[in-house]
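Dear colleague,

My notes on it come after the model.

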Amino acid sequence: MEMWTLCSNLLVDIGGGRVFEVDNASVSHYQHPMVMPSDNARGVAMTCDRCHSRMQSIAELLLISCDARPVSSEDLSPFTKSYSRCRDEILDILRRLSNLMKDVASQVTSVTSVHWHDISTCIQDMCDFVVRLVECCSHLAYLTAIDFPDCSPSQAGIIDRYKICRANLDIKISCTRLKRSRLHDLHSQFLVDICSNISQALSIMTDVCRTAGENASDSSDQEQFKLCVKSVTSSTSCLIASIKCFKSHPNPRHLGRIVAFCDPVMTASNALVTFTTEDGFIGKPAHLTADAKESQKSILGACMSIVSANVQTCRSVRDLAYDVMNARHRERIALCTESMDRASSQLQDIIMSYSIDDASSDTTSSTVSSTTSR
């Protein structure tokens, strides 16, 4: 139990607010409307690259894999047992995403009135909604598929594959942001956000591995779960200590420490995920008939088209930040908006063509009825 106490103490230490005090004066977002300074262009580009990577990675985990399992996440928990609520959430996200993309497209129309900070905020909001959409669509596709005749639900293992992989992704993105940062990038709010993200991801890994260790049948596996968390926790402690030193004395030497300790954190986190997602720990996916698989793929495919449109928007905004006078990048953003609208209409048509009783989505025992031909 000492291991879990150590992890808990570390999380308290690196949680937002206790390590740093936010210096609001250090966070300035002034941009010249006509010519974008190189630092601001780099900031927008890094936001776009980060969101691009996050959306693509989540899509690979849930959409491209076609893994027939329920999705568990903190944001999705209120909708997991209700098909109608999950469907309504998807429709609401599509509406919000459409508005955000149109907002971005309208903001970049004029060369002389581009507000890059507002666009960066829109891109981050788009990314958050896309991740939520992917989770909802993947879960809805699962509920739809297992309600077909002769299908059986997935069997849970001692490890939730998506939850542990998502935590690993959050650590990777946070460490990558640190490694790509320059000395003047590391203001107080930035470091607070990074520490908060790492804290949350490490907390998830700790909880998942602790539960898995308690339920593992093999004593060597039980010990390995503890050692995996110890490895990530120890390397993270070194990283956080380096961040504290930088906060007290911001200089290139302390920045070098931060960069140096990012790699061990990512390596330990990747190793933990490799071990914990072995076939013997993650249970079994649902057994689906050919018709059920087709319904699942139709939902996932339509969602993937939406992800693609948002990823392309990120790329176009990034290119525009470095080449603000180029009209081609604006045209690409407009095309992405049109593609998003088409994909949204397709997804809405597909999910509205099925009708599953909420009680059925909870018990996974009744039959899907579709208004379209299967």
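Predicted model: local features only at pLDDT ≥ 70, side-chain atom pairs only at ≥ 80, totals over all residues.

Residues are numbered from 1 along each chain as its sequence is written, and side-chain values use heavy atoms, with hydrogens and water left out.

Helix α8 covers residues 252-276; helices here are DSSP runs of H or I of at least four residues, numbered from the N terminus. Its 25 residues should span 36 Å at 1.5 Å a residue, and the end C-alpha atoms are 37 Å apart, which agrees; the expected span is 1.5 Å times one less than the number of residues. Among the buried residues of α8 are L255, I258, V265 and F275, where buried means under 20% relative accessible area, exposed over 50%, and partly exposed in between, with a 1.4 Å probe and protein chains only. The buried residues of α8 pack against α5 (161-180), α6 (188-215) and α7 (219-248).

The largest nonpolar core has 110 residues, of which L133, L178 and L347 touch the most other members; such a core is a set of buried Ala, Val, Leu, Ile, Met, Phe, Trp, Tyr and Cys residues joined through side-chain atoms within 4.5 Å. Helix α4 (residues 116-146) supplies the largest share of this core, 18 residues. Leaving aside residues up to four places away in sequence, L133 touches I90, I93, L94, L97, C303, I306 and L347, a contact being heavy atoms within 4.5 Å.

There are 16 salt bridges in the structure, each a side-chain nitrogen of Lys or Arg within 4 Å of a carboxyl oxygen of Asp or Glu. D185 pairs in this way with R42, with the closest N and O atoms 2.8 Å apart. That pair links distant parts of the chain, since D185 lies in the loop between α5 and α6 and R42 in helix α2 (residues 38-64), 143 residues apart. Both D185 and R42 are buried. In helix α6, D207 and R210 form a salt bridge at 2.9 Å, N to O, and D207 counts as partly exposed because its relative accessibility is 34%. Finally, D49, R180, R318, D319 and R332 are linked in a network of salt bridges.

With best wishes

How values were computed
Helix = DSSP H or I, 4+ residues; strand = E, 2+ residues; numbered from the N terminus.
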